[in-house]
Each structure stands twice: as structure tokens, then as C-alpha cells.
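The following paragraphs lead the reader through a predicted model.

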Amino acid sequence: WRDPDACAEMGRANRDWVADGQPFLVAYADNLTNVDLGALMAAHERHQPLLTMGLFHADQPSRCGIAEVDEGGRIIGFEEKPARPKSNLANAGFYVSDRRLIARIPDRTPADFGLDVLPRLIGEMYGVVVHGDIIDVGTPESYARAQREAGRLGLEAMVAGRQGDGR
């Protein structure tokens, strides 16, 4: 995609692909993960919100998009990289939604999920804490870390850029 800060535009550009109304997964491309995304899909099917967001407990919440969640799992607040985070539940960069989401993406460039879309969906999103490793690969340093950690995660083939079982 041409602009990494315009990830919401990717959804708008692919509206025909999701027109059938079936749930779809949005996954940020700068993460290496072994998270069970099937569990996120199942939670979305159970609760049927506009969007289900994968969450994790962040060690440094001021560096992440932070969600506030009520007792039932509904997201009641979201702020991108807050100076004073209200929780440590961070956006994992995995969402499940359907075609209703496309209409909620602002019709301008750039359009970012964390800044332009998610704050407008407060009360219409459900949060699920995902389990597994999430490693940012958006910088040379973090990509080097992902290469070192790939074996432990069972993801050697993904980091090496190969398909298959990594042998």
C-alpha cells in the first residue's frame, strides 16, 4: 500500500471484495504473530458488533492505541498513543468486521484506523484479549528482533520470506 499511515483507505479501496457481507479480518502488515485469529473471529460471530478488536496488555501503553472496555467487553473508549492512558489494553492491530465498516471510513486521504475510524466507533466495538506473541516489524531494529524470535514462535518461513514449513 502506498501510505502506511493510510491503512483505513485499504479497506475502502477493497469495498467490492467485502460486498458479500461476510465477516473479514483486518491485520496490520507490520506485525509478526502467532495469535489465534480464529478465536477473534469466533468472538465476533458470538457478539455481532460492528467491529471486534484484538487487544493485548501493553507494558508501555502510551506508545499504543488504548481501549477502555466495560465488564461485557464493549469498547467504551479509544485513544491513539495517549499521554495518560486510562488502561493498558492496547490495540493489537487485528480486527474483524463486515461491509458496514467501509461506510464508516472517512472519504479523505490519508485515513488511519487508530486516528480516524476507531474513535468514531466507540460503543459499537467489542474487545477481545488475544493470546500469543505480537512483534512489530516496522523498523529495521524490530525486524531484526523478529528474525531472532521467529524460531521460538514457529514462524521461520514467514520471516525468511519463504512459503512452506521452514525446512
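Two residues are taken to be in contact when heavy atoms of one lie within 4.5 Å of heavy atoms of the other. By this criterion, and leaving aside residues up to four places away in sequence, Leu118 touches Leu51, Met53, Phe78, Asn91, Tyr95, Phe113 and Met125. Leu118 belongs to the largest nonpolar core, which has 20 residues; together with Leu51, Met53 and Leu121, Leu118 touches the most other members. Two or more residues of this core come from each of strand 1 (24-27), strand 3 (51-57), strand 5 (75-80), strand 6 (89-97) and helix 3 (113-117). The greatest contribution, three residues, is that of strand 3. A separate core of nine residues lies apart from this one and includes Val35, Ala43, Phe94 and Val128.

Strand 5 also takes part in a hairpin with strand 4, with five residues between the two strands. The strands run antiparallel and are joined by five bridges, one of which pairs Val69 with Ile75 of strand 5. In the turn, Gly73 has a positive phi of about 100°.

At the start of the helix, a side-chain oxygen of Asp36 comes to within 3.0 Å of the backbone nitrogen of Gly38. After helix 2 comes Gln48, with a positive phi near 55°.

Note on methods:
Residues numbered from 1 in each chain as written. Predicted model: local features only at pLDDT ≥ 70, side-chain atom pairs only at ≥ 80, totals over all residues. Heavy atoms only, no water. Core = buried A, V, L, I, M, F, W, Y, C linked by side-chain atoms within 4.5 Å. Buried < 20%, exposed > 50% of the residue type's maximum accessible area, 1.4 Å probe, protein only. Helix = DSSP H or I, 4+ residues; strand = E, 2+ residues; numbered from the N terminus. Pairing = 2+ DSSP bridges. Polar contact = N/O pair within 3.5 Å; in protein donor to acceptor, adjacent residues only side chain to side chain.
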